[in-house]
Number of protein chains: 4
Amino acid sequence: MLNTLIVGASGYTGAELAAYLQQHPHVNLSRLMVSAQSADAGKCFSELYPQYRGLVDLPLEPMVDVAKAAENIDIVFLATAHEVSHDIAPVFLEQGCVVFDLSGAYRVQNKHFYQQYYGFEHKNTDWLSQAVYGLAEWNADMISQAQLIAVPGCYPTVSQLSLKPLVEAGFLDTAQWPVINATSGVSGAGRKASLTSSFCEVSLQPYGVFTHRHQPEIATHLGINVIFTPHLGNFARGILATITCKLKTGVTQEDVRQVFEDAYQDKPLVRVYEKGLPALKAVVGTAFCDIGFAQQGEHLIVVGVEDNLLKGAAAQAVQCMNIRFGFDETESLI
Amino acid sequence: MLNTLIVGASGYTGAELAAYLQQHPHVNLSRLMVSAQSADAGKCFSELYPQYRGLVDLPLEPMVDVAKAAENIDIVFLATAHEVSHDIAPVFLEQGCVVFDLSGAYRVQNKHFYQQYYGFEHKNTDWLSQAVYGLAEWNADMISQAQLIAVPGCYPTVSQLSLKPLVEAGFLDTAQWPVINATSGVSGAGRKASLTSSFCEVSLQPYGVFTHRHQPEIATHLGINVIFTPHLGNFARGILATITCKLKTGVTQEDVRQVFEDAYQDKPLVRVYEKGLPALKAVVGTAFCDIGFAQQGEHLIVVGVEDNLLKGAAAQAVQCMNIRFGFDETESLI
Amino acid sequence: MLNTLIVGASGYTGAELAAYLQQHPHVNLSRLMVSAQSADAGKCFSELYPQYRGLVDLPLEPMVDVAKAAENIDIVFLATAHEVSHDIAPVFLEQGCVVFDLSGAYRVQNKHFYQQYYGFEHKNTDWLSQAVYGLAEWNADMISQAQLIAVPGCYPTVSQLSLKPLVEAGFLDTAQWPVINATSGVSGAGRKASLTSSFCEVSLQPYGVFTHRHQPEIATHLGINVIFTPHLGNFARGILATITCKLKTGVTQEDVRQVFEDAYQDKPLVRVYEKGLPALKAVVGTAFCDIGFAQQGEHLIVVGVEDNLLKGAAAQAVQCMNIRFGFDETESLI
Amino acid sequence: MLNTLIVGASGYTGAELAAYLQQHPHVNLSRLMVSAQSADAGKCFSELYPQYRGLVDLPLEPMVDVAKAAENIDIVFLATAHEVSHDIAPVFLEQGCVVFDLSGAYRVQNKHFYQQYYGFEHKNTDWLSQAVYGLAEWNADMISQAQLIAVPGCYPTVSQLSLKPLVEAGFLDTAQWPVINATSGVSGAGRKASLTSSFCEVSLQPYGVFTHRHQPEIATHLGINVIFTPHLGNFARGILATITCKLKTGVTQEDVRQVFEDAYQDKPLVRVYEKGLPALKAVVGTAFCDIGFAQQGEHLIVVGVEDNLLKGAAAQAVQCMNIRFGFDETESLI
C-alpha cells in the first residue's frame with residue numbers, strides 16, 4: 001500500500017481525488033492538506049463535502065512545512081494554484097515522491113509560456129524538462145517512468161482526445177484552423193466566493209476569447225494551430241467541445257472512423273460512438289471521455305464530452321497514477 | 001413629475017426598482033446611488049445589468065453626502081443594509097423627502113427587536129414611531145399619509161397576505177401555531193460574492209430555523225405565534241410558502257373562501273385561486289402574490305407565492321408609492 | 001453467484017438498480033426486462049442511459065411470458081407500475097424467486113387501501129399477508145426471512161426514518177399531527193413524456209395535497225396521523241422533508257438526540273447530525289438518508305434528506321437484498 | 001384600433017404574442033385560437049399560463065372554420081406548424097387580413113426547399129412569391145408594404161443579424177465557411193409532452209448537425225455558405241450564437257466596428273457592444289439582439305444573443321407589425 005497526500009483537498013478537484021483514492025485498493029489516502037492561509041484549514045473534509053460524511057472524515061491540515069509534509073508519503077497530488085505547484089513540486093520530488101500536478105505549472109516545455117500566459121517566471125526548469133504530460137491515452141509509456149506528471153487541463157484533455165487521431169493521421173487541412181467551441185460547467189472556476197460564479201449571475205457566455213491559456217496548451221501538444229473559444233455554461237459539471245475542422249481532400253468517413261477506432265479501441269476511458277453525437281449527460285459523474293463525429297464533404301465536426309473534474313482532472317490524474325504504478329488503468333475509476 | 005432617488009441601486013432589489021421607476025409615467029428616475037465604498041461606484045448601471053443597456057444607463061454614484069443627495073429629490077427608495085437605512089433615512093426625512101425603506105430598520109415598533117434580531121441599537125425612535133408598515137393591501141390608508149414607509153420583508157409579505165384574512169376573521173385555532181414552510185430563490189441573499197450563493201454550492205436546504213428575523217416580523221404584525229421555517233431553493237427568484245394551520249371547529253371551506261374573497265376582491269395585486277394551488281412560475285417576474293388553499297376537516301393548507309424581488313420587495317415599494325401619491329395602485333407594475 | 005432480473009429496467013429506478021447490481025460481487029445482473037408494449041423493448045440499456053455504455057450493455061427484453069422469465073432467476077426486482085407488480089409478483093414467487101417489489105402493490109396489509117388509493121382491487125391477498133415492508137433499518141429481521149419484500153415509497157422512507165425514533169419513544173404529542181412538508185425532484189415522476197415534467201413547465205409547487213398515496217402509507221406504518229404535503233421541485237433528484245412536530249412536555253433536546261443515536265448508531269446508511277440540518281446535496285447520488293433536528297421549547301423540526309431514486313428506491317431495495325441474503329448491508333452501495 | 005387574432009396561442013411563442021398584443025395601445029387582442037384537435041381547445045389562456053391570470057383571460061377557441069375566423073380581423077399571427085401555416089395563410093390573406101407567419105412555410109422563395117427540408121410540397125407558390133422575409137432591421141421597406149410577412153426563424157435571426165453587416169461590406173473570406181455554433185433553450189422545442197424535453201433528460205448536446213432546416217434559411221438569405229451547428233442547452237430560453245469567420249486580408253478591427261455601427265445605430269432592438277461579448281442573460285425576457293465581437297489577425301468571432309421566443313419569434317413579429325402599420329417600431333416591446 002502506497003501512501004498518498006492531496007494538497008489542495010478543499011477544492012472541487014481535490015475532493016474528487018479524495019473520493020477516488022479513498023476507495024482505491026492499492027493506496028492509502030493518508031493526508032489531506034490545504035494552504036495554511038485557507039479558511040478551511042483545520043476543518044474536517046466532510047464538513048465541506050457532506051456527501052462524504054462517514055466515508056472521508058480526514059482533517060484538512062494546513063500546509064506549513066512542505067518537506068515535512070512529504071514524510072512517509074509516496075505519491076502527491078497537487079490540486080493547487082499554478083504558482084503554488086511551481087514552488088512546492090520540487091520539494092516533494094527531491095524527497096522522492098512521485099508527483100501528479102493538476103495545475104498548469106509543468107505542462108509546457110517552454111519557460112516563456114509561463115511568463116506570457118500565467119504571469120510568473122518559471123524557475124524550476126530542470127524539473128520542467130523532466131515533466132511528462134499526462135495525456136493518459138497517448139503518453140502511457142512516458143508516464144509509466146516519470147516522477148513528475150503534469151496532468152492536462154480540462155479543455156485540453158477533451159480537445160486533444162478529439163483531434164489527435166486526425167492530426168496523427170495527417171487528415172486535417174491545417175491551413176484552416178480547427179474551431180474548438182467548448183462549454184464548461186461552473187465548477188471549472190473552482191470552489192470560491194465569486195460574483196461571476198454566483199447562482200444568480202451565471203449565464204451562458206463566452207470568455208477568454210483568443211486569450212485563454214488552454215489555447216497554447218492545446219496547440220503546443222497537438223502541433224497545429226487551433227481557434228479555441230471557451231464558454232461558461234449554466235450547469236455545475238462537464239465540458240462539451242464542438243470542433244469544426246476541414247479534412248484534406250479524399251479523406252472519407254470510413255477513414256475517420258478507422259483512425260478513431262485504432263486510437264481508442266484498447267483505451268477503456270475513451271468511448272468512440274459509431275453513430276450519433278454525445279450529450280453531456282453521458283459523462284457527468286464518470287471518468288469517461290466520449291467522442292462522436294459527423295461529416296459533410298470536407299467538413300468534419302467532432303464532438304467530445306467529459307466531466308471537467310474527472311477525466312478533465314481528478315480521474316485522469318488517478319489514471320496516470322494507475323499507469324505509473326502498474327495498477328489496472330481503470331482501478332477505482334469505473 | 002416627482003424626482004426619485006434609489007440608494008443601493010446595484011443590488012437585485014435596487015435594480016428592479018430602477019426598472020419600474022424608469023417606465024413610470026409620473027416620476028423621474030433621477031439618480032442611482034451606492035455606498036461610497038462599493039466596487040460598483042462610478043460604473044454604469046447597465047454594466048451590471050446588461051438587460052437594461054439603452055434603457056437605464058445612469059451612473060451608480062457614490063453616496064458621499066446624504067444631505068446633498070436629498071437635494072431636488074422628492075422620493076427616496078432605500079435598498080440598503082439595515083444599519084445604513086437606520087442611519088440615513090432620517091437625513092432624507094428631515095429634508096422633506098418621502099422615504100420607502102426596503103430594509104428591516106423601521107418595520108417593528110419595538111426598539112428592543114433591533115438589538116435582538118439585527119444586532120444594533122435603534123437610535124431613531126421618533127422616526128420609528130412614525131413609520132408605517134407598507135403591507136399595501138392592508139395598510140393603504142396609513143400609507144397614503146406617511147412620510148416613512150417600511151416596506152415589509154419578502155417572507156413576511158407572502159406569509160401575512162396568506163394568513164391575515166384568517167386571523168382577522170378569528171378562524172384559526174391559535175393554540176396550534178401555524179407552520180409556515182417557505183422556500184426562497186437565491187436572489188434573496190443579495191448580489192454579492194459568497195460561497196453559499198455559489199452555483200455549485202446551492203442546494204435545497206433549511207436555514208435560520210427558529211432564529212430568522214422574519215419570524216418576529218410576521219408574528220408581530222399578525223398578532224399570533226407562528227413557526228417559520230425558511231429554505232434556500234435552487235432557483236434564482238420567487239418564494240413559495242406552504243402554510244399549515246388548524247381551523248376552529250365549524251369553520252367551513254366556504255367560510256374560508258369568503259374571507260379571502262372579501263379581503264382581496266378589490267386588490268389587483270393579490271390573486272386568490274378558486275380552486276387549485278399556485279406554482280411558483282405563476283408569479284416569477286410579476287408583481288402579483290397568488291394564494292390558494294386546500295382543506296381537510298379542521299386542517300387548512302394555504303399556499304402563497306410571490307416574486308421575492310417584486311411583490312416581496314420592489315413592486316410592493318412602488319405600489320406603496322403609488323398609494324402614497326394617489327397614482328393608480330398598479331401603475332408601472334402590470 | 002445468484003442470478004438477478006430487473007423488470008422495468010428502462011425507468012430511472014430500474015436503471016439505478018442495474019448500476020448497483022452490475023457492480024455487486026455476489027450476484028449476476030442476468031437480464032433486464034421491460035413491458036412488451038414499451039417503445040424501448042429491444043433497445044440496448046446503454047442506448048437509454050449513455051453513461052453506462054460499456055458498463056451495462058444488456059438488451060431491454062420484452063416481457064412476454066412471466067413464468068419463462070423466472071427461469072434460472074433467483075432474485076427479481078420489480079420496478080414496475082403498481083398493477084403490473086400486483087399481477088406478476090405471484091408468478092415469480094411461485095417459481096421460487098425472491099421478489100423485491102418497488103411499487104406500492106404490497107406495502108399495506110389492508111386490501112381496501114388499494115381500492116381507495118390505487119384504484120384497483122387487490123386479488124393476491126395471500127401474498128399480501130406474507131409481504132414484509134422493507135424499511136431496512138427497522139425491519140431487518142423480518143426482511144431476512146421474507147420471500148416478498150415491499151420496498152417502501154420514496155417519501156415514506158425519509159418520513160419514517162425521521163419520525164420513527166420519536167414515535168417509538170413516545171415523545172410526540174400526537175394530538176397535534178406532525179406536518180411533513182417534502183419536496184421531491186422531477187425524477188420521482190418517472191421516465192416518460194409528460195407536459196408536467198417538461199423542462200419549461202417544471203416549477204416549485206405543491207401537489208396531491210391531502211390526497212397523496214404516501215400519506216396513508218406513512219401513517220399506517222408509523223401508527224400515528226400525519227399531514228403530508230408533497231411538492232415538485234425544480235431539480236432532478238432528491239427529497240428534502242421538513243417535519244414540524246410537537247413534543248410532549250418535558251422531552252429535552254438531549255432526549256431527542258439520544259433516541260436518534262440509539263436508533264441509528266449501528267445503521268450505516270442513516271447519518272444523524274449532531275448539529276446542523278442537512279442539505280439535499282449531502283445525499284444526491286448516494287445511498288444515505290441524512291437526518292438533523294432543531295428544537296425550540298416543545299416544537300421540534302426534523303429534516304430528512306435522501307436521493308429519491310436511491311435510499312428512496314433502488315438502494316433500499318439492494319440493501320434489503322443484502323440483508324435477505326446475508327451479504328454486507330452496504331455491499332455495492334457505498 | 002385594429003383587431004388581431006393569434007392562431008396557435010397555446011404554444012410558447014403564441015403566449016408571448018398574446019402578452020405583447022394585450023398591452024399594445026393600437027391593436028385589440030381579439031381572439032386566441034388553437035387547433036380544433038388540441039387538448040387545450042376551450043380552456044382559458046391563463047389556465048395554461050398562470051402568470052397572465054387577470055391579464056389575458058381569453059378562451060383558446062378551436063379553429064374550425066378558417067374563413068369564419070377571419071371575420072372582423074385585420075391582423076393574424078400564425079404561431080402554427082409549418083404545414084398548417086402553409087394551408088391557412090392563403091385563406092386569411094384572401095379575406096384581406098395582413099398575415100405574420102411565424103412558421104417556416106413562407107420563408108424561402110424556392111418551392112423545392114420545402115420538399116427537401118420540411119417534407120411537404122408547397123402549393124401556394126403565388127403567395128410564396130409575394131411573401132416578404134421579416135428580418136426587421138434589414139427589410140423594413142418591403143415589410144411596410146407586404147400583406148404576408150414570413151417572420152424569420154430563431155437561429156436565422158441572430159445568425160443573420162450577426163453576419164449581415166460583414167457580408168454586405170464584402171469583408172468575409174467566404175472560401176472558409178463561417179462556423180455558427182449556437183445553443184438554444186428548451187422552449188425552442190415548443191410546448192408539448194416529449195421525452196427529449198423532459199427535465200431529467202435535457203443535457204447540453206448538439207443536434208441536427210449538417211441537417212437542420214435553419215442552415216439553408218441562413219445561407220439563402222445571407223447569400224453565402226455557412227456551417228451551422230445547433231445545440232440544445234439546459235435552460236428554458238435564449239440563444240447564444242458564437243460565429244467564427246475569416247476576414248479578408250487587411251480588414252481591421254475598426255472596419256468591423258464601423259460596419260456594425262452603420263448597420264445598427266438607428267435600430268433600437270439591436271445593441272452592438274463596443275467592447276466585450278454578450279452573455280445570454282443580457283437578452284432573456286427582452287426584445288433585443290445583442291452583438292459583440294473579438295478579432296485576432298484574420299480571425300473574427302462574432303457573438304450574438306437573443307431570446308429565442310422574443311426577438312427570435314414573437315417580438316420580431318410584433319416589430320414587423322409595428323413597421324407594417326406605421327406604429328413606433330418598439331411599441332409594446334421595450
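**View 1. The open sheet of chain C in the predicted model**. Seven strands of chain C form an open sheet with mixed pairing, in the order 9-10-8-11-14-13-12. Strand 9 (205-206) and strand 12 (270-272) of chain C lie at the edges; each has a single partner strand, so one side of each is left without a neighbour in the sheet.

**View 2. Strand 12 of chain C and the helix packed on the sheet**. Strand 12 of chain C pairs in the parallel sense with strand 13 (residues 289-296) of chain C, over three bridges. Within this part of the sheet, C:R271 has C:D290 of strand 13 as its bridge partner. Helix 10 (residues 253-264) of chain C packs on the sheet and touches strand 12, strand 13 and strand 14 (299-306) of chain C. The direction of helix 10 makes about 165° with that of strand 13 of chain C.

**View 3. The interface between chain D and chain A**. Contacts join 31 residues of chain D to 31 residues of chain A. The two chains bury about 2900 Å² between them, with 65% of this area on carbon and sulfur atoms.

**View 4. Polar and charged links between chain D and chain A**. Two salt bridges are counted between these chains. In a salt bridge, the side chains of A:K281 and D:E201 meet at 3.0 Å, N to O. Polar contacts between chain D and chain A number 13 residue pairs, both residues being at pLDDT 80 or more. The elements giving two or more residues to the side of chain D that touches chain A include strand 8 (179-184), strand 11 (239-246) and strand 14 (299-306) of chain D. By class, this side of chain D has 16 nonpolar, 13 polar and two charged residues.

Conventions. Residues numbered from 1 in each chain as written. Chains lettered and ligands numbered in written order. Predicted model: local features only at pLDDT ≥ 70, side-chain atom pairs only at ≥ 80, totals over all residues. Heavy atoms only, no water. Contact = heavy atoms within 4.5 Å. Buried area = accessible area lost by both parts, 1.4 Å probe. Salt bridge = Lys/Arg side-chain N within 4 Å of Asp/Glu carboxyl O. Polar contact = N/O pair within 3.5 Å; in protein donor to acceptor, adjacent residues only side chain to side chain. Helix = DSSP H or I, 4+ residues; strand = E, 2+ residues; numbered from the N terminus. Nonpolar A, V, L, I, M, F, W, Y, C, P; charged D, E, K, R; others polar. Pairing = 2+ DSSP bridges. Axes fitted to C-alpha atoms, helices over the stretch in contact; angles between N-to-C directions.
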